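Notebook open, model loaded. I want to go through a handful of spots and write down what I find.

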Amino acid sequence: MRAAEAFRTAFGHEPEGVWRAPGRVNLIGEHTDYNDGFVLPFAVPWGVTAAVHRRDDDTIGLLSLQGGSEPQAITDYERAEGWTRYVVGVFWALRQAGHAVRGADIVIDGDVPRGAGLSSSAALEVVVAMALNDLYELGLSRLDLALLSQKAENDFVGMPCGIMDQAASALSEEGRALFMDCRSLATRAVPLDLAAEGLQILIIDTGAHHELADGQYARRRHDCESAAKRLGVKALRDVTDLAAALAVLEGDERKRVQHVVTENHRVEALIGLLRAGAVREIGALLNASHISLRDQYEVSCAELDVAVEAAVRGGARGARMTGGGFGGSAIALVADDRMADVRREVEKAYEQQGWAPPRFLPATPAPGAHRLT
Ligand code: GLA
């Protein structure tokens, strides 16, 4: 195993163990998690592997096989920079929660395609949280690890994300999507056997990343919170009469509410179709989700729209952007015998725009975080 080998070379002894946590795609339920709503992500086969050994001081010795050949020693947590903040944030969050964890030496080996919007940062947080939980026998549940990782990201890294990505990484099961009620935090594994139906979910990594992403994410959250306040509900999850709500709202808030309320219904409808064994029929919901994210929530971008439209034109049963938006990836539900057509159509569309070709990745629901050795 590369991470363990590199650990031996870097630190001169064996790691105590090796852990792995996956990235995710979201099938449906976008920008609903921080509105106490519903999500349906699943873990992807790409993730982050970490070889770890505890230290008896508070230093974090950190080496990534994707950057740098020498480990860096982080002693002043607040001054940690870039990707290392996701790791340091987990130590910080554990201590905030009263757990007496010391430092550790860690080698990270990640294979989540960079910038694809497949939550490599959540995978990084969760793998470190799980390793420390095991080594220190903290007895935290997978949900606890997800919440702690979210806290690291919210309060240490400073990205006000919801719970979806960390939950998907920590709680997913192979061959299943993860339904989560983001208010009660109850989860359910939903069988997603696409191969039996001759279907695949194709990830189209647009390669685009628009810098607005973080600021716009915070603004959407703010729009939703102020709309909820105006409507006198705890969260947009509680809006039951959409027409009545829209009648008293205007501008951006009105559009955001329209998306969140209908998106929650789409998650439930999609689960109903899966339960009925009608996986071929979920495409229309994917399309509707994309249109709503594009026009009402306004988090799509040209690269995502072109990918989605071309995929459908090429014969996909449905397609949508996945994740936070402003770049990253789209997903398309494609029958095996249409796969070549779909890819060709998307490639052609990108070429016509003068854009670099997108990357295609086949997504099968992978296992959640686990210990390897
Ligand atoms: C990002 C956030 C998630 C979620 C999605 C949008 O991935 O990290 O919590 O809000 O955007 O659905």
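**Ground rules.** I'm working on a predicted model, where local features need pLDDT of at least 70, side-chain atom pairs count only at pLDDT 80 or more, and totals for chains, interfaces and linings use all residues. Residues are numbered from 1 along each chain as its sequence is written, and side-chain values use heavy atoms, with hydrogens and water left out.

**Ligand site.** I started by asking which residues are around the ligand. I listed Arg24, Glu30, His31, Asp33, Tyr34, Cys161, Gly162, Met164, Asp165, Tyr217 and Gly324, taking a residue as near if one of its heavy atoms lies within 4 Å. Then I went for polar contacts, meaning pairs of N or O atoms within 3.5 Å; within protein, one must be able to donate a hydrogen and the other to accept it, and residues adjacent in sequence count only if both atoms are side-chain atoms. The side chain of Tyr217 puts an N or O atom 2.6 Å from a ligand oxygen. For Arg24, also through its side chain, I read 3.0 Å to a ligand oxygen. His31 uses a backbone N or O atom instead, at 2.7 Å from an oxygen of the ligand. Of the 310 Å² of accessible area that the ligand has on its own, the protein covers 95% (Shrake-Rupley method, 1.4 Å probe; for residues, only the protein chains shown count as cover).

Next I looked at strands E6 (176–181) and E7 (187–191), which pair antiparallel over five bridges. Helices (H or I, at least four residues) and strands (E, at least two) are DSSP runs numbered from the N terminus, and two strands pair if DSSP finds at least two bridges between them. Five residues sit between the strands, and one of them, Leu185, has a positive phi near 65 degrees. Met180 has Thr187 of E7 as its bridge partner. Thr187 also touches Leu171, Leu178 and Phe179, leaving out residues up to four places away in sequence (contact: heavy atoms within 4.5 Å). Is Thr187 buried, partly exposed or exposed? I noted it as partly exposed, because its relative accessibility is 35%; buried is under 20%, exposed over 50%, partly exposed in between (1.4 Å probe, protein chains only).

**Helix H9.** H9 (283–295) has 13 residues and reaches 19 Å from first to last C-alpha, close to the expected 18 Å, where the expected span is 1.5 Å times one less than the number of residues. Its buried residues are Gly283, Leu285, Leu286, Ser289, His290, Ser292 and Leu293. I traced what they pack against: strands E1, E9 and E10, plus helices H8 and H10.

Most residues other than glycine have a negative phi, so I checked the exceptions. Glu137 has a positive phi of about 45 degrees and sits in the loop between H3 and H4. Phe326, in the loop between E9 and E10, has one of about 60 degrees. Glu137 is exposed at 71% relative accessibility, whereas Phe326 is buried at 7%.

**Thr206.** Last stop was Thr206 in strand E8 (199–209). Thr206 is buried, at 8% relative accessible area. Its side chain reaches the backbone nitrogen of Ala208 at 3.0 Å. Among the residues Thr206 touches, beyond four places in sequence, I noted Glu303, Leu304, Tyr350 and Pro358.
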